[in-house]
Amino acid sequence: MKYMNANHVLPEKLIVEIQKYVQGETLYIPKPETEYQKWGTSSGGRRMLDRRNETIRNSFINGSSIQQLAEEYYLSTETIKKIVYSHKK
């Protein structure tokens, strides 16, 4: 999160109005919900996990057991079950 001085980006009238509620504190102003991105979208982490999960599903379909997959991917058996039994394709 990047901090900015309100005096540099907001009109003076708006600063005076905000000061009625908050003074000398850090104030977080969230983005509009339409601007949110899902976790890992920017970094590519989501794509990496999606590929891993698809590989796990394919291995399961081709005969690997839940226990084998848990050991191979260092995940719990419960996590492997969630991956292989989900309907995401």
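This is a predicted model: local features need pLDDT of at least 70, side-chain atom pairs count only at pLDDT 80 or more; totals for chains, interfaces and linings use all residues.

Colleague: Where do Glu54 and Arg57 lie?

Modeller: Both are in helix α3 (residues 45-61), three residues apart, which is about one turn of the helix.

Colleague: And is Arg57 buried or exposed?

Modeller: Arg57 counts as buried, because its relative accessibility is 9% and the cut-off for buried is under 20%. Glu54 is partly exposed, at 29%.

Colleague: What does Lys20 pair with?

Modeller: Lys20 forms a salt bridge with Glu17, and their closest N and O atoms are 3.0 Å apart. Lys20 is exposed at 59%, while Glu17 is partly exposed at 34%.

Colleague: OK, new topic. At what angle do α4 and α5 pack?

Modeller: About 110°, with the axes of α4 (residues 66-73) and α5 (residues 77-85) 9 Å apart. So α4 and α5 are roughly perpendicular to each other, and their crossing is right-handed.

Colleague: Which salt bridge does Glu78 form?

Modeller: Glu78 pairs with Lys81, with the closest N and O atoms 3.4 Å apart. These two sit in helix α5, about one helical turn from each other.

Colleague: Last one: which residues form the nonpolar patch on the surface?

Modeller: Met1, Tyr3 and Tyr28, with about 450 Å² of accessible area together. Tyr3 is in the segment before α1 (6-9) and counts as exposed, at 58% relative accessibility.

Terms used: Residues are numbered from 1 along each chain as its sequence is written. Side-chain values use heavy atoms; hydrogens and water are left out. Patches are made of residues with over 30% relative accessible area and no salt bridge: like charges are joined within 9 Å, nonpolar side chains (Val, Leu, Ile, Met, Phe, Trp, Tyr) within 5 Å. Accessible areas come from the Shrake-Rupley method with a 1.4 Å probe; for residues, only the protein chains shown count as cover. A salt bridge is a side-chain nitrogen of Lys or Arg within 4 Å of a carboxyl oxygen of Asp or Glu. Helices (H or I, at least four residues) and strands (E, at least two) are DSSP runs, numbered from the N terminus. Buried means under 20% relative accessible area, exposed over 50%, partly exposed in between (1.4 Å probe, protein chains only). Axes are lines fitted to C-alpha atoms, for helices over the stretch in contact, and angles run from 0 to 180 degrees between N-to-C directions. Angles under 35 degrees count as roughly parallel, over 145 as roughly antiparallel, 65 to 115 as roughly perpendicular and the rest as oblique. A crossing is left-handed if the near helix is turned anticlockwise from the far one by less than a right angle, and right-handed if clockwise.
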